[in-house]
Amino acid sequence: NAAADLTVFEREAVPREIFVLGNESTGLSKDVAAATDGALSIPMASGVDSLNVAVTAALIAYLDR
């Protein structure tokens, strides 16, 4: 998976966005990633490896208000 363009905290909200969430270990397939406009990351505290997809979706929904 390619490095993220921005973090979820740096991006500007855009009306009518679609977020595609990838698998925890493998991310998005190459075909799906190629169809997107970019990638976002979620900075995490030291020692935290990942967030499950439900937590990630909730965080994005909350920040995109």
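Student: What percentage of the residues in the chain are buried?

Tutor: This is a predicted model, in which local features need pLDDT of at least 70, side-chain atom pairs count only at pLDDT 80 or more, and totals for chains, interfaces and linings use all residues. Residues are numbered from 1 along each chain as its sequence is written, and side-chain values use heavy atoms, with hydrogens and water left out. Buried means under 20% relative accessible area, exposed means over 50%, and partly exposed lies in between (1.4 Å probe, protein chains only). Of the 65 residues in the chain, the buried share is 9%.

Student: What radius of gyration does the chain have, and what would a compact globule have?

Tutor: The C-alpha trace spans about 35 × 30 × 20 Å along its principal axes. The radius of gyration is taken over C-alpha atoms, and the globule rule is 2.2 Å times the number of residues to the power 0.38. For 65 residues the rule gives a value near 11 Å, and the chain agrees with it at 12 Å.

Student: What share of the contacts with a separation of 6 or more comes from residues 24 or more positions apart?

Tutor: Contact means heavy atoms within 4.5 Å. Among contacts in the chain with a separation of 6 or more, the share from residues 24 or more positions apart is 74%.

Student: Which residues does T7 contact, leaving aside its neighbours within four places in sequence?

Tutor: T7 is in strand 1. T7 counts as buried because its relative accessibility is 15%. Beyond its neighbours within four places in sequence, T7 is in contact with L40, S41 and P43.

Student: Which side chain pairs with R11 in a salt bridge?

Tutor: R11 sits in the loop between strand 1 (6-7) and helix 1 (30-34), and R11 counts as buried at 15% relative accessibility. E17 has a relative accessible area of 28%, so E17 is partly exposed. A salt bridge is a side-chain nitrogen of Lys or Arg within 4 Å of a carboxyl oxygen of Asp or Glu, and by this rule the count is one. The partner of R11, at 2.3 Å from N to O, is E17.

Student: What is the phi of R16?

Tutor: R16 is in the loop between strand 1 and helix 1, and R16 is exposed at 83% relative accessibility. Most residues other than glycine have a negative phi. R16 has a positive value although it is a residue other than glycine, with phi near 60°.

Student: Which residues form the nonpolar patch on the surface?

Tutor: Patches are made of residues with over 30% relative accessible area and no salt bridge; like charges are joined within 9 Å, and nonpolar side chains (Val, Leu, Ile, Met, Phe, Trp, Tyr) within 5 Å. Accessible areas come from the Shrake-Rupley method with a 1.4 Å probe, and for residues only the protein chains shown count as cover. V53, in helix 2 (residues 53-63), is partly exposed at 48% relative accessibility. The patch has about 360 Å² of accessible area together, and its residues are L6, F19, L21, L40 and V53.

Technical notes: Helices (H or I, at least four residues) and strands (E, at least two) are DSSP runs, numbered from the N terminus.
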